[in-house]
Amino acid sequence: NSTQDVHQLQPSLHGVYLNKTKIAEGGKKLKKNWTSVWVVLSANELRFYKESKQEAVGSLKSGHKQEGVDLCGAVVDWTTEKSSRKNVFQITTRSGEELLLQSDDYPTVSKWHDAIKKTADRSFSA
Ligand code: I3S
């Protein structure tokens, strides 16, 4: 399946804890609420789980609450203006959702930024 394909291309990118906050939805600005989430990159989608072990549970139990964003046509870029934190990048989805993702560990966040941006760019041109 396509999830496996992505993992085979990028075996080190199975999952990671990043800090996440939504800053806008449907053109409306939201109050920030940074939380740590387990992030999984699949074919055209980024999924968020409270904890890494919920990833397995989520795939077994349908109806288990699962958050995610469609990366198709999304814009992914570093930002220094939207937060005072370091290593922050923004994802703006085609539906107008704006998210910030961050980690103090630059090598980790940089690797994820690159993979997410590549996925968004590739799914846009497909
Ligand atoms: O963009 P802002 O409003 O300066 O974001 C900060 C606030 O969301 C703040 O919450 P309170 O308004 O309840 O104090 C958060 O604690 C901060 O983390 C936000 O700023 P950073 O720079 O961390 O994204």
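Leucine 41 has leucine 46, in strand E4, as its bridge partner. Strands, labelled E, are DSSP runs of at least two residues, while helices are runs of H or I of at least four residues, and both are numbered from the N terminus. The model is a predicted one, in which local features need a pLDDT of at least 70 and side-chain atom pairs count only at pLDDT 80 or more, whereas totals for chains, interfaces and linings use all residues. Residues are numbered from 1 along each chain as its sequence is written.

Confidence was examined through pLDDT, the predictor's confidence in each residue, from 0 to 100. The protein chain averages a pLDDT of 86, and 80% of the residues score at least 70. Where pLDDT is low, the predicted coordinates should not be read in detail. For the complex, the predictor gives an ipTM of 0.86 and a pTM of 0.84.

The protein chain contains three helices and eight strands. Read from the N terminus, its elements follow the order α-β-β-β-β-α-β-β-β-β-α. Two strands are taken to pair if DSSP finds at least two bridges between them. Strand E3 (residues 35–41) pairs with strand E1 (residues 16–25) in the antiparallel sense, over five bridges. Within this pairing, serine 36 of E3 stands opposite asparagine 19. E3 is also joined by four bridges to strand E4 (residues 45–49), and these two strands run antiparallel. Three residues lie between E3 and E4 in the hairpin that they form.

Two residues are in contact if their C-beta atoms, placed from the backbone, lie within 7 Å. Among contacts between residues at least 6 apart in sequence, 46% join residues at least 24 apart. A residue counts as buried if 20 or more other C-beta atoms lie within 10 Å of its own, with C-beta atoms placed from the backbone. Of the 126 residues of the protein chain, 21% are buried by this criterion.

Asparagine 87 lies in the loop between strand E6 (75–78) and strand E7 (88–92). Although asparagine 87 is not a glycine, its phi is positive, at about 55°. Asparagine 87 is buried, because 20 other C-beta atoms lie within 10 Å.

The ligand is surrounded by Lys32, Trp34, Ser83, Ser84 and Arg85, a residue being near a molecule if its C-beta atom, placed from the backbone, lies within 6 Å of it. By class, this shell has one nonpolar, two polar and two charged residues. Ala, Val, Leu, Ile, Met, Phe, Trp, Tyr, Cys and Pro count as nonpolar, Asp, Glu, Lys and Arg as charged, and the others, Gly among them, as polar.

Terms used:
Buried ≥ 20, exposed ≤ 12 C-beta atoms within 10 Å, placed from the backbone.
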